[in-house]
Amino acid sequence: MSSQRVEGLPPVTVRAPAKINLHLGVGSPRPDGLHPLSTVYQAVGLYDDVTVVDAPDWSVELTEQVPGVPLDDDNIVIRAGRALVAHHDLDLAAAITIAKGIPVMGGMAGGSADAAATLLALDRLWDLQTTDEDLLRIAGTLGSDVPFALLGGTALGTGHGEQVEPVPDATSVWWVVVLSGEGLSTPAVYRHFDELSPDAPAEPPVPEGLIAALADGDVDEVGDLLANDLWPAARDLRPDLVDVEVALRSLSPSGVLLSGSGPTLLVLHDEVDDARATVAALAEQGMTCTIAPGPVAGAHVVTYV
Ligand code: ATP
């Protein structure tokens, strides 16, 4: 292991997007405890910015305090940094600052976005020239959704979600993102899924119809084919989501979707004005919403002074 600290390196900032799952097919747990997935990811325009600067020790801070985000070695960005330097057999560290724009514990993979951003930012900071293949592989060791946060766009995810392959997507849509005041634990949702679905398949099928609809740019068909196997488990754990879903379906019968393991809910729109009208209608009912375009790019450098 070698220490190659270079004083005075300029900080690097990388922006990484939230993800949603247009289709989330979940199988029965594998011997390693992970769930086999067949999922269609889409990167959407809510972002975390991660800034890294070379430092003698690892540290993480937030630009604004957000409950539920650890500020110690439990933060996934520290695990990401350590994994990258271990891969290169280096003895380096960084001070990492996260500006969170992705809801925490919202089922939008904010932590995974931060991990992906950290890998890319540190690679650029120290000019490590890690290959894309190695970055994706290291990302997959950090979490199921991390490789997709590097890739962005729209992609099929298999394995436990870490094997990602871009799929053609001719749509350009606007998601109304219905935020929930309280987060939902992803492991708790998967545990309840197991209780509810003892006969889940070993390999959930690939949603060929949805993939064809995306390639055709057929937004109505995409709306009809959105699916999330975790919805029954999430709504059992959070019965309040049922009322929200009913309210959303009364505005838009198709195109309503739970984001990942929840509790964020989504409504698909082809036109941004329609998305704005939905936000206004939901605001009148006291709901907090934002609008996010999809698909958007994966993790990318935004500042490199
Ligand atoms: P998932 O990717 O499992 O769908 P999520 O989007 O619902 O997750 P995240 O915001 O990624 O939720 O947070 C999941 C957990 O990860 C939180 O309980 C938090 O304690 C932990 N965590 C670790 N590092 C981070 C980070 N940088 N940002 C957010 N959460 C983090």
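Which residues does UniProt list for "binding site"? The unreviewed entry gives P103, V104, M105, G106, G107, M108, A109, G110, G111, S112 and A113; UniProt positions follow the numbering used here, feature names are shortened, and annotations may be inferred rather than shown by experiment. Residues are numbered from 1 along each chain as its sequence is written. The model is a predicted one, with local features needing pLDDT of at least 70 and side-chain atom pairs counting only at pLDDT 80 or more, while totals for chains, interfaces and linings use all residues.

G106 sits in the loop between β4 (93–99) and α2 (110–125); helices (H or I, at least four residues) and strands (E, at least two) are DSSP runs, numbered from the N terminus. G106 counts as buried because it has 22 C-beta neighbours inside 10 Å. Here, buried means 20 or more other C-beta atoms within 10 Å of a residue's own, exposed means 12 or fewer, and partly exposed is in between, with C-beta atoms placed from the backbone. Setting aside residues up to four places away in sequence, G106 touches L179, G183, S259, P263 and T264; contact means C-beta atoms, placed from the backbone, within 7 Å.

A113, for its part, belongs to helix α2. It has 35 C-beta neighbours inside 10 Å, so A113 is buried. Its contacts, leaving aside neighbours within four places in sequence, are A16, P17, A18, D48, I102 and A149.

Next comes helix α10. Its 13 residues (272–284) reach 19 Å from first C-alpha to last, close to the 18 Å expected at 1.5 Å a residue, where the expected span is 1.5 Å times one less than the number of residues. A275, T278 and V279 are buried in α10. Down the axis, the buried residues of α10 fall within an arc of 100 degrees, so they line one face of the helix; the arc is that of the directions from the helix axis to the C-beta atoms. Turned away from that buried side are the exposed residues D273, A280 and E284. The cover over the buried residues of α10 includes β7 (173–178), α9 (240–251), β10 (265–269) and β11 (289–294). Just after α10, G286 has a positive phi of about 85 degrees.

Finally, some strands. β2 (residues 37–55) pairs with β5 (residues 154–158) in the antiparallel sense over four bridges; pairing requires at least two DSSP bridges between the strands. Y41 has A155 of β5 as its bridge partner. β5 also pairs with β6 (residues 163–166), in the antiparallel sense and over four bridges. β5 and β6 make a hairpin with four residues between them, and G159 in the turn has a positive phi of about 65 degrees.

Notes. Contact = placed C-beta atoms within 7 Å.
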